[in-house]
Amino acid sequence: MHLTQELALLLRARIPVINIVGVDEVRVVRLLEEMAAGRDWPQGQGLYAWDLADQFHCHRAGNPEFDCKQQVAPDMLLQKIDEFRGPGTFILKDFHHVLEAKKSTIRKLRNLAQKLASVRPEKNIILITPEMKLPPEL
């Protein structure tokens, strides 16, 4: 199965947190941008990326639009995603560093994943990690 097909299936199944292992972040983000431009992408759902250096970037504006100009401390990132009242897919490029540095973030991510599985509007988190180093509870 091609990555595009697998991601589409996972997103339709409302899998709240998806981990993509690989170092080619540009390819993954480009693939997600192509998916977001397609007819199968949910109406009004935004596509946003976050990294430690540049913070948020809007790849496709949603309705309502997420404020990509805000600066967010890494340990507050999940709270900002949770508080956002619109639909969105959030690509987190450097989040594995946050998980390693602050163990309570693991619990916050698990709690948010449980919540996102059933809330409306739909939100997803896609982690891009260079290797599979996530804690076993994730």
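Predicted model: local features only at pLDDT ≥ 70, side-chain atom pairs only at ≥ 80, totals over all residues.
1. The buried residues of α2 are Val28, Val29, Leu31, Leu32, Met35 and Ala36. Viewed down the helix axis, these residues fall within an arc of 160°, so they line one face of α2. An α-helix has 3.6 residues a turn, so residues three or four places apart point the same way. On the other side of α2, Val26, Glu34 and Ala37 are exposed.

2. The packing partners of the buried residues of α2 include both helix and strands: α1 (3–12), β1 (17–21), β2, β3 (55–60), β4 (88–92) and β5 (123–129).

3. Strand β2 (residues 46–51) contains Asp51. This residue is buried yet has no salt bridge. Beyond its neighbours within four places in sequence, Asp51 is in contact with Lys93 and Asp94. A polar atom of the Asp51 side chain also lies 3.0 Å from the backbone nitrogen of Ala53.

4. Gly22 sits in the loop between β1 and α2 and is partly exposed, with a relative accessible area of 26%. Apart from neighbours within four places in sequence, Gly22 is in contact with Ile128, Thr129 and Pro130. From Gly22 to Phe84, 62 residues apart in sequence, the C-alpha to C-alpha separation is 28 Å.

How values were computed
Residues numbered from 1 in each chain as written. Heavy atoms only, no water. Helix = DSSP H or I, 4+ residues; strand = E, 2+ residues; numbered from the N terminus. Buried < 20%, exposed > 50% of the residue type's maximum accessible area, 1.4 Å probe, protein only. Lys, Arg positive; Asp, Glu negative; His and termini not counted. Salt bridge = Lys/Arg side-chain N within 4 Å of Asp/Glu carboxyl O. Polar contact = N/O pair within 3.5 Å; in protein donor to acceptor, adjacent residues only side chain to side chain. Contact = heavy atoms within 4.5 Å. Arc of directions from axis to C-beta.
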